[in-house]
Amino acid sequence: MAVNSTVPTTDASDTRTLAQHYRRFIGWRLAALLLLAFALAISLLCDIATGPASLAPGQVLQGLIYPEDLDAATRVIIWEVRLPYALMALMVGGALGLAGAEMQTVLNNPLASPFTLGVGAAATLGASLAIVFPVGLFGLSSAIMLPLSAFVFATAASGLILLLSRFFGAGVHTVVLFGIALLFGLNALVGLLQFIADYDALQQIVFWTMGSLARASIDKVAVVALVLFCCLPFSMAQSWSLTALRSGEDQARSLGIRVERLRLIVLVRVSLLTAVALSFVGEIGFIGLVGPHIARLLLGEDHRFFLPGSALAGALLLSLSSIASKLLVPGILLPVGIVTALVGIPLFLALIITRGREL
Amino acid sequence: MSLWIRELTAGYRRRTVLEGIALQPFPEGSLIGVIGRNGAGKSTLLKSLAGLQPYRGDVLFDNQPINLKKWGTLASQLGYLPQSLPQPTSLIAYETVFSASRAMINSFDRAKLEAAIERVFATLGIRELALRKLSELSGGQRQMIGLAQVLVRSPRLLLLDEPTSALDLHWQLNVLNCVRDVTREQEATAMVAIHDINLALRFCDQLLVLGQGGVLAQGPAREVLTPEVLREAYGIEGRIERCSNGTPIVLCDRAIEH
């Protein structure tokens, strides 16, 4: 196991310092982040432009900058129908991408996603309960009770995991095993509800599990955006610790990082992001898993770039899925949860084929 | 005196590994080899000193007690290399070392840190690995990166848990030479858990032999090992011979049946 490399990456005659060499990587990563942000902006415009009443992206851009120049019908289409829908794709995708990235790091597991610990299943159980037993509490309508119930259950599931982890130690395996046990338990309860539900309720539950942006409104977008942009600075503040954690738990501990504490804080953040995002759109599972992998391939694992990159990649994936959901079957709006995998897998496979050795 | 250990008891929930060990104080600039059989408590001792494992007793470093609750300030003076290797992730070796230092300190001088990283990569002879991903490196190469993470902070107390376990002969000598130079030049104290007794005899100033939950022997490396100590510590019959340059060398004859 020789230490000497046969493929040196720095030439002996090269007088540049390692820091100067390393700054090239930083430059590429910044460029990749900008590229992702640019692709996201284009995708947002295309998403707004796509639909039964077709609009040109240029027309959409002009309509967003000068809404007063639009005719009444187009203004309603752009500002009240499609913009909330397209922005919701960005915010939910961003939240799930960020949550997935943090989850994969603290659980040291590339297969981890916000659904690993049963948070998604808990949201589904909450929504299913609200559908099967449509009880209005405190004068709230069923339209509010459904996302509220999903949020409460997702948060409760996260709380339970955190509580158990607190008592039994927040080791990676402990957290994952608790999560998996909870996932199976919740899925069984959802199955039971589906069994006793009448035809209409069953259809609604199935529709919820497919995930849909059709429930978007500008208020809901604002809620998800608020949570995402409140969580992101806290994530970035811990980016050095999270990067150090990628070397290994023992290594991180030796640096004075309180790994269990870090893991609990991140899980609280992930739970919040996931619960809020899913409560408005239903189950959209693929983004939190694949978004971080795309970011990792493009940007590496320095979390200063990896975390925002995962949020951007998640947002881009869901935005592209949103466009595809309107185009795949002309005249029919497919639930976006089904389309995410169809759009994401080819993109993901292309990346694996071109840069797979770096996974 | 730099490091003083009194009545230290440490272990796990249901098993005490080290029971009330007391050591003679180690002077500054010592390179201390910790040897003993598997499970003798070498890693437990280092983890306890590093503040990563609860213990009872007193550990004084520069006459100050090592307090687990003050681990944040302690970490800047301690450099602990765990037995496990850094994971083969897509992190670049350079940023592994950089981020490790940044994760520890809030305010830092970038130029100083970059110069320290440059110096450590050159000292260890691994400059050519600096821009490669950990996933592309062998286990031995990653062990060197782990060591660079420790040395870059110029700690005053180095605790290295089997730093040569994944290295070939050339790099074993290189690493121990480097650690010895660091202890002498920076007046740091280094405690190194090691399985190769002959390497320990060659490089260490002091040896600490652990076994049966306690200290079997402690003293200058060239004096502490005897056939009786070898029998008690390792369950072997062995001899201590001298090389032509006077360095003691252990020759193992056979394992004693239990």
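This is a predicted model: local features need pLDDT of at least 70, side-chain atom pairs count only at pLDDT 80 or more; totals for chains, interfaces and linings use all residues.
**Exercise 1.** Determine where the salt-bridge partners R246(A) and E301(A) lie, and whether they are buried or exposed.

*Solution.* The closest N and O atoms of R246(A) and E301(A) are 2.6 Å apart. R246(A) is in the loop between α9 (239–245) and α10 (249–254) of chain A, whereas E301(A) is in the loop between α12 (287–299) and α13 (303–327) of that chain. The pair therefore links distant parts of the chain, 55 residues apart. Both R246(A) and E301(A) are buried.

**Exercise 2.** Describe the interface of chain B and chain A by its contacts, buried area and composition.

*Solution.* Begin with the contacts: 45 residues of chain B touch 41 residues of chain A. The area buried between the two chains is about 3900 Å², and carbon and sulfur atoms give 55% of this area. R127(B), E128(B) and L131(B) supply 17% of the area that chain B buries against chain A, more than any other three residues.

Next come the polar interactions. There are 12 residue pairs in polar contact between the chains, both residues being at pLDDT 80 or more. Two salt bridges cross the interface; E114(B) and R23(A) meet in a salt bridge at 2.8 Å, N to O.

Finally, consider the elements on the side of chain B that touches chain A. Those giving two or more residues are α2 (71–75), α3 (93–104), α4 (110–124) and α5 (139–151) of chain B. α3(B) gives the most, with nine residues. By class, the residues on this side divide into 23 nonpolar, 11 polar and 11 charged.

**Exercise 3.** Identify the strand that pairs with β6(B), and state which way the residues of β6(B) point.

*Solution.* β6(B) pairs with strand β7 (residues 157–161) of chain B in the parallel sense, over four bridges. Within this pairing, L159(B) is the bridge partner of Y80(B). L78(B) and Y80(B) point one way from β6(B), G79(B) and L81(B) the other way, and all are buried.

Notes: Residues are numbered from 1 along each chain as its sequence is written. Chains are lettered from A and ligands numbered from 1 in the order in which they are written. Side-chain values use heavy atoms; hydrogens and water are left out. Contact means heavy atoms within 4.5 Å. Buried area is the accessible area (1.4 Å probe) that two parts lose on being put together, summed over both. A salt bridge is a side-chain nitrogen of Lys or Arg within 4 Å of a carboxyl oxygen of Asp or Glu. A polar contact is a pair of N or O atoms within 3.5 Å; within protein, one must be able to donate a hydrogen and the other to accept it, and residues adjacent in sequence count only if both atoms are side-chain atoms. Ala, Val, Leu, Ile, Met, Phe, Trp, Tyr, Cys and Pro count as nonpolar, Asp, Glu, Lys and Arg as charged, and the others, Gly among them, as polar. Buried means under 20% relative accessible area, exposed over 50%, partly exposed in between (1.4 Å probe, protein chains only). Two strands pair if DSSP finds at least two bridges between them.
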